[in-house]
Amino acid sequence: MLEIFASSLSFFVLLFLFSIGAIGSLVLRKNDWMANGWSSLFAISGSIWGLLLSISIFIMGSGKSISLGRFSYPLLNISFNIDLLSVFFIFLISLITLFCSIYGIGYVRHYYKKYNLGVLGFFYNLFILGMYLVVTASNGLLFLIAWEVMALASYFLVIYDSNDQENIKAGFLYLVMTHIGTVFITISFLMLYKFTGSFDFEAIKIGLPFVPLYAKNIVFILAVLGFGMKAGIIPLHVWLPKAHPAAPSHVSGLMSGVMIKTGIYMMIRMFMDILQPIPEWWGFTLMIIGSVTALLGVLYALAENDIKRLLAYSSIENVGIILLGLGSSLSFYSLGMHSLALLGLVAALFHTLNHAIFKSLLFLGAGSVISETHTRNMENYGGLIKYMPQTALFFLVGSMAISSLPPLNGFFSEWMTFQAIFQGIATLGISTRWVFIIAGSSLAFTGGLALACFVKAFGTIFLARPRSSEFNHARESSI
């Protein structure tokens with residue numbers, strides 16, 4: 001009981017830190033330096049607290065969920081639940097937030113006297129707070145409120161550089177698409193409420209026997225559309241390569257590394273927890289979607305010359321890889337192969353973590369290059385390794401990791417995904433084996449094309465001869 005109380009208190013302290021960070025930034029908005037310092041201080045403090053909280057709960061070793069307060073209103077129980085899945089995503093959000101917030105201290109200085117840093121700090125902290133609420137909400141309506149907080153805060157971050165009309169257009173497209181996704185999610189929760197009489201996730205699980213199969217199938221389709229739109233699955237990805245490059249680079253790192261994974265989180269929560277047992281075709285469907293998303297995502301990235309758009313398309317590719325692991329896990333679980341289902345789920349979560357790390361690293365590296373060269377067009381770069389050797393080194397590490405080259409982290413999570421797929425090919429019947437064969441072929445092609453993509457990116461940016469004499473002034477970024 002004492003441990004649960006301590007966890008509850010620690011969680012509310014976490015929410016309090018980001019709330020104070022947001023409010024204080026707005027209060028200090030007339031002083032750029034103070035607003036930046038206040039926002040960064042509480043974002044960094046909050047992320048460290050989140051890391052400590054997630055690690056401490058994990059060390060407890062309890063697979064039981066922790067209920068954090070309950071205030072009842074009609075149709076809405078304001079309560080938060082932390083189980084091991086939530087702990088994983090709290091850790092993920094905290095880790096990437098820590099690095100992006102440290103980076104942002106110096107990065108946002110070029111906005112001084114140009115834009116309001118208090119507004120940036122307010123929406124930045126609110127955005128992070130929204131992500132924490134999304135992965136801990138235990139009620140459908142509370143989840144939708146948190147989802148909306150996250151979506152609106154990230155929208156204002158996308159359009160922060162409002163002097164560029166392309167950013168305004170990208171923000172509008174993002175706002176429209178995210179609310180279309182929210183409509184699908186809302187309808188899915190309403191269908192579950194119709195048959196279970198509750199929006200509470202635990203109550204839905206208890207009442208699931210009263211939900212007919214056709215309704216579960218409709219909920220699955222709506223959830224894939226709603227959460228898949230946030231994750232950036234093809235063909236629902238159109239907002240992502242426009243919105244992510246428009247945001248400040250440390251925000252791009254958070255959006256691409258963490259925010260799109262909230263869609264993955266809810267797919268896992270819905271399909272592997274709330275809606276069990278599930279039909280076999282759900283997992284196969286996710287694998288087909290993952291195969292198409294991974295392959296087309298990397299093809300789009302390979303053809304791109306805008307460095308941040310290239311990284312955004314690469315995020316679409318990696319979401320596809322995560323869905324291959326998740327889809328294989330669902331397929332195995334529905335067939336009663338629990339050990340193989342665990343392999344697929346671990347592969348999906350491992351790649352979720354790895355992608356968050358190396359993609360945020362690449363976005364931060366790209367932000368350093370852009371801040372020095374004032375362009376996102378890679379065709380204008382060249383030879384920057386001479387002027388920015390540290391940035392080149394970290395970008396190379398990120399490029400190797402995202403290309404799944406050993407011994408870096410991307411290799412191991414992609415290897416685990418291959419192992420899950422190969423097990424499906426080896427153990428399943430001919431009627432279902434073909435899905436795993438398609439998935440394996442797609443993943444193999446994707447890996448080769450990703451390597452070509454980032455050889456091109458690193459070579460174009462940092463190697464060869466400079467393509468412009470204007471880059472002679474380029475220097476390493478500093479806090």
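This is a predicted model: local features need pLDDT of at least 70, side-chain atom pairs count only at pLDDT 80 or more; totals for chains, interfaces and linings use all residues.
Some ground rules. Local features need pLDDT of at least 70, side-chain atom pairs count only at pLDDT 80 or more, and totals for chains, interfaces and linings use all residues. Numbering starts from 1 along each chain as its sequence is written, and side-chain values use heavy atoms, without hydrogens and water.

Start with the helix pair. Helices here are DSSP runs of H or I, at least four residues, numbered from the N terminus. The axes of α4 (residues 117–134) and α5 (residues 140–158) come within 8 Å and cross at roughly 150°. That makes α4 roughly antiparallel to α5, the term for angles over 145 degrees. Among the contact residues are F123 and F127 of α4, and W147 and M150 of α5. Contact means heavy atoms within 4.5 Å. The residues of this contact divide into 16 nonpolar, 2 polar and no charged.

Now the cores. A nonpolar core is a set of buried Ala, Val, Leu, Ile, Met, Phe, Trp, Tyr and Cys residues joined through side-chain atoms within 4.5 Å. Buried means under 20% relative accessible area, with a 1.4 Å probe and protein chains only. The largest core has 144 residues, and F143, M270, F271 and L326 touch the most other members. Helix α3 (residues 84–107) gives the most to this core, 13 residues. A second, separate core of 15 residues includes M287 and F418.

Last, A450. It lies in helix α17 (residues 430–462). A450 is buried, at 2% relative accessible area. Beyond four places in sequence, A450 touches V298, E317, I402 and S403.

Terms used
Axes are lines fitted to C-alpha atoms, for helices over the stretch in contact, and angles run from 0 to 180 degrees between N-to-C directions. Helices (H or I, at least four residues) and strands (E, at least two) are DSSP runs, numbered from the N terminus. Angles under 35 degrees count as roughly parallel, over 145 as roughly antiparallel, 65 to 115 as roughly perpendicular and the rest as oblique. Ala, Val, Leu, Ile, Met, Phe, Trp, Tyr, Cys and Pro count as nonpolar, Asp, Glu, Lys and Arg as charged, and the others, Gly among them, as polar. Buried means under 20% relative accessible area, exposed over 50%, partly exposed in between (1.4 Å probe, protein chains only).
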